[in-house]
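Please read them with the structure open.

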Amino acid sequence: MHTHYDFALRGRIFTFRANPFTVGDEASYHYYEDGVLLIKLDKIVDVGSYQDFELLEQKVIQFDKNYIIMPSFIDSHLHYPQWEAIGGFGEDLLQWLDKYAFKAEAKYHDINYAKAQAKQFLLNLIDNGITAAGVYCSSHPESVEALFEAADEANLHITAGQVWMDRHAPKSIIRPAKQSYDETLALIEKWHNHGNLRYALTPRFPITSSEEQLELAQALVKKYPDLTIQSHIDENSQEVAKTLELFPKAKSYADIFDQYNLLTPRTVLGHGNLLSEEEINLLADRKSSIAHCPSSNEFLGNTPLNLFGLQCQRPDLNISLASDIGAGTSLCPWHTMAAAYRASRSHRHALSPIKALYLHTLGGAESLSIDQITGKFAPGYQADIAIINTHATRALSQRMQTVENLDEEFFVLMTLGEASTIDRLYVSGVKLK
Ligand SMILES: [Zn+2]
């Protein structure tokens, strides 16, 4: 049986099968103490207990009990041209954008610079075990070309787009609405659904998009209904006040997007820290999702997202975890999960490690509408696999000696884990690390 595979990974295997926020932690995953994952070409053939399979020994790669074989990570919201803005000191969101982020993004009109940075950015994703991401480029089409070209070579699941801005930002990064529209059309025709790449219509936020631009966004979504739409919402009070001042007729921040039919099941909105009850209902009704960016919120001094408050009100609202580089402080998924835990503590809740892990794997796949192809181990899914060394550092090795169960093990990884825990990484069955 099961002779149709190229190789098998044997060891401790963990994968989600359902959403822990709805079914509870225990019922949300499969865990095989002595498991096996069969891979053929770019796909998973099967997963289960080793004893249920008859395998050719020479095709089996075995990992001891210090390793966990699990689906690789998904980061649903980050800005690759903000690498140079990481660690920009001492400002709130709008001032931070002006002082650090916009200056960094202005450099990406240069295709050669963008190409070099895109390659480094993708290597950073791979270092951290991330094989799928929702990425904001700069407002220059060159930045999108550079990223898609490099991502295509590595076969990563990248959903990305040119940032649209036609006002309230430096000249070097704003463009007339029609120009961005025409450039985006060409980028969609070239890259959308090419291999693992998907195009995301990316109006930065309503402050920097005129009504004309939002109308063009609406027209583009009508033309390409399967486009992801990514933007920001309700990040801090100064930004919300400025937004509502610019759109006096809107009932709320979310209502601005809704007026232009930009809240779809493929919409991913970053932050959502200050969402009102009406907005939470509107987003859930439209099946849009929130990318929770906890380290970025901490760094900028934003009010932390009340994840459990949102979940209590609307358990059907999809939420995922994201680094939000460059306001985020780390690409490392353990760091982001730990920040999400701290955010939950600030609201007197405690985000469990299983839930945090879900938000950064299958939950992320759902938000980016790629949950039918990646984010878990099941027959026919792409072989996107992270092999975690739970003893990768001296601190982890010492602490793991007294860990008693899987939950505790993941929580220690969240607390002490570094990129070095990613021992191996496979994308579509190809070993990248
Ligand atoms: Zn962002």
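Predicted model: local features only at pLDDT ≥ 70, side-chain atom pairs only at ≥ 80, totals over all residues.

1. Which residues of α3 are buried? They are Ala-114, Gln-117, Ala-118, Phe-121, Leu-122 and Leu-125. Around the axis they cover an arc of only 140°, which puts them on the same side of α3. Asn-112 and Gln-120 are exposed, on the face of α3 turned away from its buried side.

2. The packing partners of the buried residues of α3 are β7 (130–136) and α4 (141–154). Just after the helix, Gly-129 has a positive phi of about 75°.

3. Helix α9 (residues 277–285) can be read in the same way. Its buried residues are Glu-279, Ile-280, Leu-282 and Leu-283. Viewed down the axis of α9, the buried residues fall within an arc of 165°, so they line one face of the helix. The exposed residues Glu-277 and Glu-278 are carried by the face turned away from that buried side.

4. Against which elements do the buried residues of α9 pack? They pack against α8 (253–259), β13 (289–292) and α11 (307–313).

5. Ile-188 lies in helix α5 (residues 177–191). This residue has 20 other C-beta atoms within 10 Å; because 20 or more count as buried, Ile-188 is classed as buried. With residues up to four places away in sequence left out, Ile-188 touches Tyr-199 and Tyr-224. The C-alpha atoms of Ile-188 and Leu-227 are separated by 9.0 Å, although the two residues are 39 residues apart along the chain.

6. On domains: the assignment divides the chain into domain 1 (7–72 + 375–431) and domain 2 (73–367). Domain 1 is therefore written as two segments, 7–72 and 375–431, under this assignment. Over C-alpha atoms, the centres of domain 1 and domain 2 are separated by 28 Å.

7. How many residues does each domain give to the contact? Domain 1 gives 28 residues and domain 2 gives 29 residues. On the side of domain 1 that touches domain 2, the elements that give two or more residues are α1 (20–23), α16 (406–416) and β16 (422–427). Helix α16 supplies the largest share of that side, 6 residues. By class, the side of domain 1 that touches domain 2 has 15 nonpolar, 8 polar and 5 charged residues.

8. The largest nonpolar core has 132 residues, and Leu-37 and Leu-147 touch the most other members. At least three residues of this core come from each of domain 1 (7–72 + 375–431) and domain 2 (73–367).

9. Not counting residues up to four places away in sequence, Leu-37 touches Ala-8, Leu-9, Ile-13, Ile-44, Val-47, Ile-69 and Phe-377.

Conventions: Residues numbered from 1 in each chain as written. Core = buried A, V, L, I, M, F, W, Y, C linked by C-beta atoms within 7 Å. Buried ≥ 20, exposed ≤ 12 C-beta atoms within 10 Å, placed from the backbone. Contact = placed C-beta atoms within 7 Å. Helix = DSSP H or I, 4+ residues; strand = E, 2+ residues; numbered from the N terminus. Nonpolar A, V, L, I, M, F, W, Y, C, P; charged D, E, K, R; others polar. Arc of directions from axis to C-beta.
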